[in-house]
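Please read the report below with the structure open beside it.

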Amino acid sequence: MKKLFTALALSGGFACAAHAQSVVEIYGVADMGFVAESSGVPTETTKLTPVNKLTSGVQSGTRLGFKGTENLGEGMTAMFVLETGIAADAGGFAQANTAFARQSFVGLQNDLGTLTLGRQYTPLFNTLMVADPFAAGMAGAAQNLMPTGGIRMNNAVKYTSPVFAGFSTELAYGFGEAVDNSSNGQERSAAINYTANDLKVALAYNDWIQKVVTAATATTPETITYRPNRKDWFLAANYDLKVAKIFVGVTDTDFGGVKSNDYLIGTQIPFGQHTFIASYINKNVRNAASMDANQIALGYTYSLSNRTNLYAAWGRIDNDSAAGYTVGNNSELGTGEKAFNLGVRHFF
């Protein structure tokens with residue numbers, strides 16, 4: 001539940017702003033869990049060396065945020081979000097010890113849509129959230145094997161359309177701002193979403209433009225070009241059957257010439273205060289040998305209230321000989337091919 005931090009109504013003596021109203025809220029998540037990670041199979045001569053730790057943000061990233069809106073009149077609203085990740089296990093910031101790295105943007109909204117400027121989630125990551133029954137958290141997090149578009153985009157301009165007949169769109173462009181060339185580091189992302197009753201469908205595209213240097217030869221000089229070094233397509237859907245919610249996702253990725261497809265199927269089964277979660281992901285690398293992988297994950301949450309829940313999860317990745325994917329969670333990449341989580345999450 002969000003807590004009111006400041007509410008100001010500008011009226012009376014401020015006649016020129018008589019219709020303006022500004023509201024600022026403080027909110028957050030406190031999440032802490034036990035994580036056990038390991039790799040391989042023990043033998044008579046080789047023992048496993050598991051990693052056991054207390055981690056902040058296993059199910060959802062621990063965070064502190066401020067957001068506000070101001071009614072500008074005539075259907076126009078100004079808004080901002082400043083959200084920082086918290087490493088609550090040891091104190092300090094998450095996201096490479098950077099303040100407000102989860103989200104930091106300002107924008108305007110009216111009947112034509114919402115335009116925001118700053119660091120914000122990519123449409124590709126928002127599409128992944130439609131497909132992932134673990135909601136990008138715990139040992140079953142889909143981003144262990146599936147693309148996210150970097151999760152967040154820096155220096156971004158993002159437009160979100162209103163919903164019309166169930167359809168809406170997201171368009172985002174991240175300026176590269178590289179010293180050598182303004183094209184270097186650019187990121188582009190777009191998604192179209194459809195919602196009807198218990199069905200949600202999303203299709204997203206994302207690419208990064210990077211500098212590509214072709215070395216000189218005896219007959220040709222060095223050349224520098226700027227082109228996408230990663231392209232991702234993501235089709236996601238979920239359908240609520242009431243007794244269970246079904247999730248599916250399909251991706252197509254070209255990462256520097258390495259082409260792959262990912263497939264996800266998962267479910268959430270609610271039962272009173274209990275929710276059982278399961279998913280399976282297959283990564284198929286089409287043009288590189290022994291790079292395939294698959295992940296199976298099971299999860300469970302128990303709601304103590306509307307704002308607090310307990311959780312447990314187990315995940316395992318089977319890598320081909322040349323693959324090295326690890327089982328992470330919402331806030332960490334993980335260190336091994338197997339992981340177990342047990343923790344508590346609280347919203348405020």
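A96 counts as exposed, because its relative accessibility is 76% and the cut-off for exposed is over 50%. In this predicted model, A96 is found in the loop between β5 and β6. Its phi is near 60°, a positive value in a residue other than glycine. Most residues other than glycine have a negative phi.

M138 also has a phi near 60°, a positive value, and M138 is not a glycine. Is M138 buried or exposed? M138 is buried, because its relative accessible area is 1% and buried means under 20%. M138 is found in the loop between α1 and β8, a strand that covers residues 152–160.

Helix α1 itself runs over residues 123–131 and is mostly covered, with seven of its nine residues buried. The buried residues of α1 are P123, L124, F125, T127, L128, V130 and A131.

Two further residues can be described by their surroundings. S60 is found in the loop between β3 (51–56) and β4 (63–73). S60 counts as buried, because its relative accessibility is 11%, under the 20% cut-off. Leaving aside residues up to four places away in sequence, S60 touches V29, D31, N330 and R345.

M76 is found in strand β5. With a relative accessible area of 26%, M76 is partly exposed. Which residues does M76 touch, not counting residues up to four places away in sequence? They are E70, N71, L108, Q109 and N110. M76 and A88 are 12 residues apart in sequence, and their C-alpha atoms are 38 Å apart in space.

**Salt bridges**

How many salt bridges does a search of the whole structure find? The search finds 11.

| Pair | Distance, N to O |
|---|---|
| R102 and E83 | 2.8 Å |
| D262 and K283 | 2.9 Å |
| D318 and R316 | 3.0 Å |

In the pair R102 and E83, the side chains meet in a salt bridge. R102 lies in the loop between β5 (76–85) and β6 (103–110), while E83 lies in strand β5, so the pair ties together parts that are 19 residues apart in sequence. R102 is buried, with a relative accessible area of 4%. E83 counts as buried too, at 2% relative accessibility.

The side chains of D262 and K283 meet in another salt bridge. This pair links distant parts of the chain, 21 residues apart: D262 is in strand β14, residues 258–271, and K283 is in strand β15, residues 274–285. D262 and K283 are both buried.

The salt bridge between D318 and R316 has its closest N and O atoms 3.0 Å apart. D318 counts as partly exposed, at 31% relative accessibility. R316 is partly exposed as well, with a relative accessible area of 34%.

Salt bridges can also join several side chains. E37, K53 and E332 are linked in a network of salt bridges.

**The whole chain**

What does the secondary structure of the chain come to? It comes to one helix and 18 strands. Along its principal axes, the C-alpha trace spans about 80 × 65 × 45 Å. For 348 residues, a compact globule would have a radius of gyration near 20 Å; the chain has 22 Å, which agrees.

Of the 348 residues, 39% count as buried. The chain exposes about 18000 Å², and carbon and sulfur atoms supply 61% of this area. Among contacts between residues at least 6 apart in sequence, 54% join residues at least 24 apart.

Methods: Residues numbered from 1 in each chain as written. Predicted model: local features only at pLDDT ≥ 70, side-chain atom pairs only at ≥ 80, totals over all residues. Heavy atoms only, no water. Helix = DSSP H or I, 4+ residues; strand = E, 2+ residues; numbered from the N terminus. Rg over C-alpha atoms; globule rule 2.2 N^0.38 Å. Buried < 20%, exposed > 50% of the residue type's maximum accessible area, 1.4 Å probe, protein only. Contact = heavy atoms within 4.5 Å. Areas by Shrake-Rupley, 256 points an atom, 1.4 Å probe, with all protein chains shown as cover. Salt bridge = Lys/Arg side-chain N within 4 Å of Asp/Glu carboxyl O.
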